[in-house]
Amino acid sequence: LFALFFVACESDDNGDVVVPNVSTGVFVLNQGSWHQNNSSISYYDFTTKTTTTDIFSAANDRGLGDGGQDALLYGSNLYVTVTESSVLEVIDPKTGISKKSISIINENVTRQPRSMVAYNGNIYITLFDGNVAKLDTTTLTIQGYLSVGVNPEEIVAANNLLYVAVSGAYGAFNNSIVVIDPTTFKELRKIEVVVNPTKLVADSQGDVYVISNGDYGTIKASLQRIAKGTEVVTKIE
């Protein structure tokens, strides 16, 4: 279970998916089995307590792909990253129909899109090839790429900045949160944390919380807080 967001959905008499613009349930992005090409989107209605499965396939007569990773509802679109398929799906949340399927590759090599955040009309996407992509939500085109390090994971927006958890590779884990200026789309600095950071969340006060997985050996997993303004890192657990 990778992403939840509010919007309602029901089925018509023909079995086609209809998604009215009301807020009575949640969509759920299902990753599926690795390399089985069976990612899907389900919907749970709080009122009827029923689940509609595989909404994307029903609306598009094709599967979502392999490795559904993150979903983001922003403006009039639902954005879904499908890592192993290296695709960003742009979906109409009212109908479930794909508006655009964006292949994210580099000279026929997959970039593996992971996590997303919306900021000021753009979607920023971490890519497992070591970059962050910037998508213009008006044109639905990628405006550029920024190198941040091996295997970037989650990304959040706070304090008019972007924060990226860069995990590194097994045996050579990274220990940095990369700070990006979204206006110039350039790296400003790195914040040192416990090795192998993967999860990020920003609170309403502008503090950013980080979960680092450690090295799965001597360095243990840790929850840390990056303070707004000073960017001082405090280990919470």
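Phe46 is partly exposed, with a relative accessible area of 39%; here buried means under 20% relative accessible area, exposed over 50% and partly exposed in between, using a 1.4 Å probe and protein chains only. The residue belongs to a predicted model, in which local features need pLDDT of at least 70 and side-chain atom pairs count only at pLDDT 80 or more, while totals for chains, interfaces and linings use all residues. Residues are numbered from 1 along each chain as its sequence is written, and side-chain values use heavy atoms, with hydrogens and water left out.

The chain contains one helix and 24 strands, where helices (H or I, at least four residues) and strands (E, at least two) are DSSP runs numbered from the N terminus. The radius of gyration is 18 Å, close to the 18 Å that the globule rule gives for 237 residues, so the chain is as compact as a globular protein of that length. This radius is taken over C-alpha atoms, and the globule rule is 2.2 Å times the number of residues to the power 0.38. Along the principal axes, the C-alpha atoms fill a box of roughly 55 × 40 × 35 Å. Of the 237 residues, 49% count as buried. Among contacts with a separation of 6 or more, 37% come from residues 24 or more positions apart, contact meaning heavy atoms within 4.5 Å.

The aromatic side chains come next. Six aromatic pairs are present in the structure. Rings of Phe, Tyr and Trp (its six-membered ring) pair if their centres lie within 6.5 Å, and planes under 30 degrees apart count as stacked, over 60 as edge-to-face and the rest as tilted. The pair of Phe27 and Tyr43 is edge-to-face because the ring centres are 5.2 Å apart and the planes stand at 65 degrees. Phe27 lies in strand β4 (residues 25-30) and Tyr43 in strand β5 (residues 40-45), so this pair ties together parts that are 16 residues apart in sequence. Phe27 and Tyr43 are both buried. Phe46 pairs with Tyr44, also edge-to-face, at 5.7 Å centre to centre and with 70 degrees between the planes. Elsewhere, Tyr170, Phe173 and Tyr216 form one aromatic cluster.

β4 and β5 run antiparallel and are joined by six bridges; two strands pair if DSSP finds at least two bridges between them. Within this pairing, Val26 stands opposite Tyr44 of β5. Five of the six residues of β4 are buried, so the strand is largely enclosed by the rest of the structure.

Five bridges link β13 to its antiparallel neighbour β14 (residues 122-127), and Ala118 has Ile123 of β14 as its bridge partner. Thr126, also in β14, is buried at 0% relative accessibility. Beyond four places in sequence, the residues that Thr126 touches include Gln112, Pro113, Arg114, Val132, Pro152 and Val164.

Two arginines lie over aromatic rings. A charge sits over a ring if NZ of Lys or CZ of Arg is within 6 Å of the ring centre and within 35 degrees of the ring normal. Arg111 lies over the face of Tyr145, 3.9 Å from the ring centre, and the charged end of Arg114 sits over the ring of Phe128, 4.2 Å from its centre.

The loop between β8 (77-82) and β9 (87-91) holds Thr83, and Ser86 is found in that loop as well. Thr83 is buried, with a relative accessible area of 2%, and Ser86 is buried at 1%. Not counting residues up to four places away in sequence, Thr83 touches Asp66, Gly67, Gln69, Gln112, Pro113 and Arg114. With the same exclusion, the contacts of Ser86 include Ile102, Ile104, Arg111, Gln112 and Pro113. The C-alpha atoms of Ser86 and Val109, 23 residues apart along the chain, are separated by 9.2 Å.
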